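This report looks at side-chain contacts and a pair of strands. Please have the sequence and the model at hand while reading.

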Amino acid sequence: EVFELAYRHYDSSSYQRTFTMPIGCIGTSVRDTLFIINRTPSIIPSDSIRLSTNTGWSLIKPQSFILQNDSALFILQHDISVIQNQIVNVEVHHPLCDTIDVITIQGSGKRAILSANPANISIQNQPVGFTTNQSIIIRNIGNASAHIIPGSFGLQGPFQISSTSPPLPYTLQPNDSIVFTLSITMNAPGTLTDTLAITSSIQQTSCDASLSIPISANANLPMMSVRFANKPKADPKADNFEIPIVCSIPSTDSILGNMILSFKVNGAFFYPKKTTHGTLSSYLDGNGDRIVSIAFNNSIISRNDSL
């Protein structure tokens with residue numbers, strides 16, 4: 001017997017012996033059609049049509065056999081696990097002749113891979129009450145696009161994404177990048193941590209991907225001291241008194257003052273009238289001494305400032 005077979009896609013009129021499956025995201029499955037045309041007077045059972053391997057590949061056989069001078073539809077399924085090209089053979093067997101024909105099927109996968117620069121964020125000695133902005137470059141180093149939508153990205157105060165460039169939603173193509181701006185506002189001293197979680201969902205042309213960026217921020221109250229012209233007491237005969245405020249905090253030239261400076265003045269009739277910074281008030285205590293207070297309500301205090 002002489003077997004004459006032909007192969008084509010369901011929606012194609014051209015015959016071929018090598019088929020390429022659609023490219024899908026890793027972790028998904030893709031399917032394609034295979035039409036086998038039997039141009040011989042013999043019936044070919046569907047059980048005689050097999051794959052060279054079943055690892056990651058399936059052959060679905062809706063019909064039990066291929067009639068003489070007829071055709072049958074088969075469905076190929078590829079469970080994608082790697083990016084590299086995978087090859088499987090479709091073999092047609094015969095009880096007496098063993099393998100009588102072989103055609104080649106190949107398929108590959110795609111994946112979106114997100115990377116961050118910097119890979120982690122650590123803000124040290126941030127002034128209390130100030131906002132620090134940190135830029136993070138997110139790049140797609142995979143071979144599939146990644147679709148990113150707006151959201152909180154798993155962050156809680158004092159951390160938030162204040163902006164992105166380009167704005168979201170955005171489809172990150174392979175080798176493309178987007179800049180996230182992370183804003184950190186520490187309202188109290190201490191150390192806080194969080195994780196920035198960026199994910200991509202499977203769309204028509206995009207694959208899923210995820211990226212986690214550890215974040216930590218530390219804030220300290222500044223070290224401050226107050227003195228009267230380098231003396232422990234003020235001169236009661238002077239008309240004006242300069243009170244230097246010495247503040248020291250790394251990597252900044254000013255702080256946001258939200259505090260009260262208080263000091264004692266000897267004598268009930270000696271009290272200040274006005275101050276160049278802050279809000280001034282005073283009162284007599286039980287010992288007859290005047291207590292002077294200067295309140296700063298979120299006022300900028302420069303290094304080595306004075307009032």
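R39 is partly exposed, with a relative accessible area of 36%; here buried means under 20% relative accessible area, exposed over 50%, and partly exposed in between, with a 1.4 Å probe and protein chains only. The model is predicted, so local features need pLDDT of at least 70 and side-chain atom pairs count only at pLDDT 80 or more, while totals for chains, interfaces and linings use all residues. Residues are numbered from 1 along each chain as its sequence is written, and side-chain values use heavy atoms, leaving out hydrogens and water.

R39 forms a salt bridge with E4, with the closest N and O atoms 3.7 Å apart, where a salt bridge is a side-chain nitrogen of Lys or Arg within 4 Å of a carboxyl oxygen of Asp or Glu. Because R39 lies in the loop between β4 (29-38) and β5 (44-45) and E4 in the segment before β1 (5-8), the pair ties together parts that are 35 residues apart in sequence; strands are DSSP runs (E, at least two residues) numbered from the N terminus. E4 is partly exposed as well, at 42%. The charged end of R39 also sits over the ring of Y15, 4.9 Å from its centre, the criterion being NZ of Lys or CZ of Arg within 6 Å of the ring centre and within 35 degrees of the ring normal.

## The other salt bridge

The whole structure holds two salt bridges, and R17 and D101 meet in one of them, at 2.4 Å from N to O. This pair links distant parts of the chain, with R17 in the loop between β1 and β2 (18-20) and D101 in strand β11 (residues 98-107), 84 residues apart. R17 is partly exposed at 41% relative accessibility, whereas D101 is buried at 16%.

## The disulfide

One disulfide is found in the whole structure, a disulfide being a pair of cysteine sulfur atoms within 2.5 Å. C25 and C207 form this bond with their sulfur atoms 1.9 Å apart, and it links C25 in strand β3 (residues 24-25) to C207 in the loop between β20 (190-200) and β21 (209-220), 182 residues apart. The torsion about the S-S bond of C25 and C207 is about -90°, so the disulfide is left-handed, and both cysteines are buried.

## Strand β7

Strand β7 (residues 57-60) has a covered face, W57 and L59, and an uncovered one, S58 and I60. Four bridges join β7 to the antiparallel strand β9 (residues 70-79), where strands pair if DSSP finds at least two bridges between them, and the bridge partner of W57 in β9 is H78.
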